[in-house]
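Take a look at the model below, and then we'll hold a few terms up against their definitions.

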Amino acid sequence: MATSVAGEGQRSLNGIICDPQTKKLTDLPTELLEHILCFPVLKHVDICNVSCCCKRLHDVCHGRGKVWGHQYKLRWPRLQRFYRQNECCDWLREYKTRHRVGIQIRRTVESISKRFFTEVVLGDSFAEIESLGMPEHFCEDELLFILNSDKRKSLTLKYYAKKILYFLRQQNILKSLKTFLEQPAEQQSALEGAVLVDQYCNPLADVTLSSISAQLDEIAEKVKKMLRIKNASHPSLRVAQGDCFVVEDFELQRQVVCALNSVLYEQLQYKGNEFDYYNPLNSYIHQVLLRRTGIPISLSVLYMTLARRLGVQLEPVNFPNHFLLRWCQKPRGSEDIYDFVYIDAFGKGKQLTAKECEYLIGHQVTADYYSAISTTEVLLRMVGNLLNIGKRGEGNEKSYQLLRDSLDLYLTINPDNVQYLLLQARLYFHLGIWPEKVLDILQHIQALDPSQHGAVGYLVQHTLEHIQHKKHPVTPEVKKRSAPEHLEVQYSVGLIMKHKRSGYNCVIYGWDPKCTMSQEWITTMRVHQLSNGANQPFYNVLVQDGTCRYAAQENLEPHSAPLEIGHPEVGRYFSEFDDTHYAANEELQTRYPEDMDETLGTVQELYHRLTPGSGNQDQAAATDQNNHQAMPM
């Protein structure tokens, strides 16, 4: 029997000579081990398993090391902006915290659908997210992760995640607004205030002060280019971005204003939106820059900001029905209204005298209306415009949301306005949300103005009744297709339909065996002109244009080429889009327990029966196989 000689290699069973001095993986340098363990194919579970192998690998995978830092950044790349470059951090602890937050957020979002399906507007549910006490940026990241997952799946989860994200961002923006309002008046920028208003009303949009300022810098550079042609030695050309200076000479100021008008209104084609004046987009600064149109106050904020960057001091004027800017023509300032030129940013920068301003609105006003106002007053007027648009709305969720947002902003700026406090209480009461907050608002109103005791008393009584009612929720109505009174119902929830007369595309999310609307609605909608009148099934449908309608059965037909319906409320009722139809979520299935089978049967009959190359061929193959098997018999 052969024996091994010291210093010689041993031959293994497969014939390979093994060197007893061969290094193991754990003998590699730490830097190389970290490099290996940072390969993208390795997940957090793999790192956990590796770190349990031995002390050496456990030490390499320590919490503050490169390996867990890589895992954290790989899984949650959006969170990197919250850490400084090369920051020393306990990445394992951060990873565990973020992982736990994700689980808690998902559970909370999933539970909301069951409890708030019947609510027109979500209210109380958001307090749960705040009460979890989790890092806000982790919560937001998980909500964004849900929203960015498969477009056609988890629609209900995304629906509520979007609403919660909307709420959380608004809370942060309100904190920023309160901080802004605490600054001294001379440090408050009208542009920054306008951006905060924009952000609060559009919390899911990517609107930042830095991005808006960058766009204004680009416009300012165009104005400088124009100035350079007229006057190459103009002092505004020598000033770097961000520097604060004032051009004293009136002729040089005039050159800036002329160049600004030329660039803004001739070159870039900015204009007042006369044809769609009450569109809320006219008040959002990022939309004004995008669409190059707005209303007097939003265009004035842009104009005033640009002029100040170029050395010309303009002041905002709270003129009735038409916001203006004023430009002093005296070297040491003045309060005489006739010492100013008034600029109409809505009217392409037209310069007006005090008398011409009155012609603009068609009546005389006192000298007070020509005075300059503070940034806070500018924001109140801007938000007041949005409030009026919300009050003019059609009573749908979009107009209610605008009204809520603008009331929140107005009362943050001016918290003791009794008129708007009462409006807010009435709005919350009407929507059936935050009854406890309604009581707090009413108590505040009573303290501010005891003469409102009548309206306050009425709302207090009915709000208390609402709180009691919420403690005893009503069992949802269940509609079974097999019931004798429902036999005439042809279509089911989830089917994608087309309206025969109006041509719109829609999806069914509910139905009634007969029209249940008021006689006034039936008369207004001329239901009696239908061949079956109101005595036929009617369907609740979500329409492609974002509206919700109530359509008669005889006016609907299954869509010949089903498509996704881009309606914001789709996720409230459906869990996913399945190419030919929408799958009802658990809450909708509870109310229409037999509709899903009916929908699948209808879809199979309409769209899959004659699918080229599939159904017919399968049927033919099955027939051939049966014939072949029958031949021996």
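Q: In which order do the 5 strands of an open sheet lie, and is their pairing parallel or antiparallel?
A: The order is β12-β11-β10-β9-β13, and the pairing is antiparallel. Before we go on, two notes on the source: this is a predicted model, in which local features need pLDDT of at least 70 and side-chain atom pairs count only at pLDDT 80 or more, while totals for chains, interfaces and linings use all residues. Residues are numbered from 1 along each chain as its sequence is written, and side-chain values use heavy atoms, with hydrogens and water left out.

Q: How do you know that β9 and β10 pair?
A: Strands are DSSP runs of E with at least two residues, while helices are runs of H or I with at least four, both numbered from the N terminus. Two strands pair if DSSP finds at least two bridges between them. β9 (residues 496-499) and β10 (residues 505-512) share 3 bridges in the antiparallel sense, so by this definition they pair. Within the pair, M497 stands opposite C506 in β10.

Q: What makes β12 and β13 edge strands?
A: β12 (548-552) and β13 (556-558) each pair on one side only. From one strand to the next, the twist of this sheet averages 50°.

Q: Why is one side of β5 and of β8 left without a neighbour in the sheet?
A: These strands belong to an open sheet of 4 strands in the order β5-β6-β7-β8, paired antiparallel. β5 and β8 (350-352) stand at the edges with a single partner strand each, so one side of each has no neighbour in the sheet. Inside this sheet, β6 is joined to β7 (residues 340-344) by 4 antiparallel bridges, and C328 has F340 in β7 as its bridge partner.

Q: How do you know that α11 packs on the sheet?
A: Contact means heavy atoms within 4.5 Å. α11 touches β6 and β8, and its direction makes about 155° with that of β6. Helix α14 (residues 354-361) packs on the sheet as well, touching β6, β7 and β8.

Q: What describes the packing of two helices?
A: The answer is the angle between their axes and the distance between the axes. An axis is a line fitted to C-alpha atoms, for helices over the stretch in contact, and angles run from 0 to 180 degrees between N-to-C directions. For α9 and α13, the angle is about 145° and the axes are 9 Å apart.

Q: Which residues of α9 and α13 make the contact?
A: A190, L191 and A194 of α9 meet V301, M304, T305 and R309 of α13.

Q: How many residues of the contact of α9 with α13 are nonpolar?
A: The rule counts Ala, Val, Leu, Ile, Met, Phe, Trp, Tyr, Cys and Pro as nonpolar, Asp, Glu, Lys and Arg as charged, and the others, Gly among them, as polar. Sorted that way, the contact has 5 nonpolar, 1 polar and 1 charged.

Q: Is the crossing of α13 and α15 left-handed or right-handed?
A: A crossing is left-handed if the near helix is turned anticlockwise from the far one by less than a right angle, and right-handed if clockwise. α13 passes α15 in a left-handed crossing, with axes that come within 10 Å and cross at roughly 145°.

Q: What is the volume of the second largest pocket?
A: The volume is about 1100 Å³. On a 1 Å grid over the protein atoms alone, a pocket is an open set of points with protein on both sides within 12 Å along at least five of seven lines, whereas a cavity is a set where a 1.4 Å probe fits but cannot get out. Grid points are joined across faces, edges and corners, and a volume is the space filled by probe spheres set on the points.

Q: What makes a residue part of the lining of this pocket?
A: A lining residue has an atom within 4 Å of a point. By that rule the second largest pocket has 48, with C244, M304, R308, R309 and Q313 nearest its centre. α10 gives the most, with 6 residues.
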